[in-house]
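Here is a short tour to read alongside the model on your screen. Please keep the sequence at hand as you go.

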Amino acid sequence: MKAKISVVGIGPGGLDDMTSKGREVISNSKIIIGYKYYIPFIESLIADGTEIVQNGMRQEQARIEKAFETAESGHDVCVISSGDAGIYGMAPLVYETLRKRGSDIEVEVIPGISAFQKAASLLGAPVGHDFCVISLSDLMTPWSVIEKRIKAAAQADFVTAVYNPKSHGRYWELYRLKELFLEFRNPKTPVGYVRQAGRDDQKVSITTLNDFDPEEVDMFTVVIIGNSQTYWFDSHIVTPRGYYGIESDDETGIGQSIMIDSFRTIEKELKNPNVSSGIKWPLLHAIHTTADFDMENIVQVDEGAVANIYEALSSGSVRTIITDVTMAASGIRKGALERLGISVKCYLSDPRTIELAKKSNITRTQAGIRLAVSDHPDALYVFGNAPTALMELCTLIQAGKARPCGIIAAPVGFVHVCESKHMVKPFKDIPKIIVEGRKGGSNLAATLVNSILCWPDAEQLRPGRDV
């Protein structure tokens with residue numbers, strides 16, 4: 001009967017995390033070969049009189065050659081490997097050596113719990129959906145190849161476990177991985193990292209991608225980066241499979257789910273995804289409505305504008321939104337207006353507007369804004385069509401007759417459009433969102449208002465509450 005090499009995954013370190021088959025094979029083995037750092041983890045399982053062959057790091061080939069020499073002389077051998085023997089373990093090397101030697105030795109692989117699985121269990125359920133595992137060690141893989149894999153994982157939205165993240169000689173690679181992930185992932189993406197998983201000095205940490213500090217990581221640490229759906233819940237990280245979404249038969253829920261997926265897709269394609277939520281939130285709405293990524297260049301948001309306008313509308317200090325045309329008004333979500341107790345008014349068809357326009361020889365939109373200011377000087381003013389209406393508001397602000405809580409400046413066209421937007425910029429104390437240049441439109445103006453009305457959903461990137 002031919003001798004056999006059994007390659008046993010001993011798990012991350014604790015006996016409780018070993019399989020019963022692994023324990024049995026080790027206990028019955030007469031010759032055990034392994035890395036000297038791992039032998040103490042299984043000492044209590046080793047029978048008296050067992051021969052132990054051990055050596056140091058980076059001597060893996062020597063260990064396996066010794067295993068084959070022993071087996072070919074007629075003795076069964078147990079080769080131990082931390083974690084799972086087939087995941088960055090000894091099993092591949094055993095099979096490579098088997099092939100190279102042309103040996104007829106029988107090989108059996110006994111699986112174990114991988115370090116990333118143990119780390120994941122301590123963090124909660126971060127690998128509940130599609131995931132990948134990447135090693136940052138460039139001893140046998142060129143860094144150029146590793147970087148390609150990092151980019152692919154980040155862009156494809158895989159939950160990603162990172163092995164060999166850092167050592168004394170490899171101090172910068174983890175910083176580069178973080179930089180690459182931030183090009184494609186939300187800075188608030190949950191990140192968990194576990195040092196010495198399953199061992200006596202185990203340490204579990206949870207943070208965000210933006211706040212993750214590579215200096216807190218060493219070669220004994222496994223890092224797990226969530227995907228776009230991963231969330232932080234009650235000191236745990238969870239990546240959902242989507243059961244609740246699948247089970248939902250509510251039409252609004254389905255619509256919101258589609259919108260959420262769209263926003264996540266858009267976010268991945270932004271040139272600069274790391275802007276503040278106050279800028280990103282209306283920008284994502286603008287791109288979602290227009291499918292135009294040029295919005296990233298032309299949507300200008302005052303610092304704190306969205307939050308300040310929302311505060312004015314939600315607190316009850318301002319109860320009115322004024323639009324230049326009825327089309328802009330129709331695009332503002334009725335559910336959000338009802339939820340916040342806000343009314344939308346457009347004076348374009350008001351008989352007084354028609355009379356004032358004729359009497360003063362101005363456009364109807366100008367006349368409508370003039371009347372609106374007399375009734376609601378502090379409203380949120382929204383422009384998606386008429387540059388003359390925006391210019392009228394600017395004139396009334398200059399005259400001290402209007403004090404809007406905010407302005408959405410998105411008129412579209414070729415005459416006076418750019419000038420009207422330039423006119424509104426000097427009002428530094430009025431929160432503004434401006435769509436630069438000729439682009440704009442009622443649909444765009446309305447979606448910018450909608451982004452304000454659902455501002456509390458920005459941090460979780462959950463648009464469409466009122467869809």
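Strands β18 (residues 406–409) and β19 (residues 432–435) run parallel to each other and are paired through three bridges. Within that pairing, I407 has K432 of β19 as its bridge partner. Please keep in mind that this is a predicted model.

**The six-stranded sheet**

- β18 and β19 belong to an open sheet of six strands, ordered β14-β19-β18-β17-β15-β16, and the pairing is mixed.
- At the edges are β14 (299–301) and β16 (343–345); each has a single partner strand, so one side of each has no neighbour in the sheet.
- From one strand to the next, the twist averages 15°.

**The five-stranded sheet**

- Another open sheet has five strands in the order β7-β8-β11-β9-β10, again with mixed pairing.
- Its edge strands, β7 (131–135) and β10 (203–208), each pair on one side only.
- The average twist in this sheet is 20° from one strand to the next.
- Inside the sheet, β9 (residues 190–195) and β11 (residues 221–225) are antiparallel and joined by five bridges.
- Helix α4 (residues 115–123) lies across β7, β8 (159–163), β9, β10 and β11, and runs at about 65° to β11.

- Side chains of opposite charge can pair when their charged atoms come close.
- In this model, the count of salt bridges comes to 24.
- Which side chain meets K4 in a salt bridge? The partner is E108, at 3.1 Å from N to O.
- That pair links distant parts of the chain, since K4 sits in strand β1 (residues 4–9) and E108 in strand β5 (residues 106–110), 104 residues apart.
- E108 also forms a salt bridge with K21, where the closest N and O atoms are 3.0 Å apart.
- K21 is in helix α1 (residues 20–28) while E108 is in strand β5, so this pair ties together parts that are 87 residues apart in sequence.
- Is K4 buried or partly exposed? K4 is partly exposed, because its relative accessible area is 24%, which falls between the 20% limit for buried and the 50% limit for exposed.
- K21 is partly exposed too, with a relative accessible area of 37%.

**Other salt bridges**

- E65 and R101 meet through their side chains in a salt bridge of 2.5 Å, N to O.
- Because E65 lies in helix α2 (residues 60–72) and R101 in helix α3 (residues 91–101), the pair ties together parts 36 residues apart in sequence.
- Both residues are partly exposed: E65 has a relative accessibility of 29%, and R101 has a relative accessible area of 32%.
- A network of salt bridges links E147, K151, R176 and E179.

**A serine in helix α17**

- S420 is found in helix α17 (residues 417–424).
- With a relative accessible area of 0%, S420 is buried.
- Which residues does S420 contact, leaving aside its neighbours within four places in sequence? They are P387, L390, M391, C394 and P411.

Methods
Residues numbered from 1 in each chain as written. Predicted model: local features only at pLDDT ≥ 70, side-chain atom pairs only at ≥ 80, totals over all residues. Heavy atoms only, no water. Pairing = 2+ DSSP bridges. Helix = DSSP H or I, 4+ residues; strand = E, 2+ residues; numbered from the N terminus. Axes fitted to C-alpha atoms, helices over the stretch in contact; angles between N-to-C directions. Contact = heavy atoms within 4.5 Å. Salt bridge = Lys/Arg side-chain N within 4 Å of Asp/Glu carboxyl O. Buried < 20%, exposed > 50% of the residue type's maximum accessible area, 1.4 Å probe, protein only.
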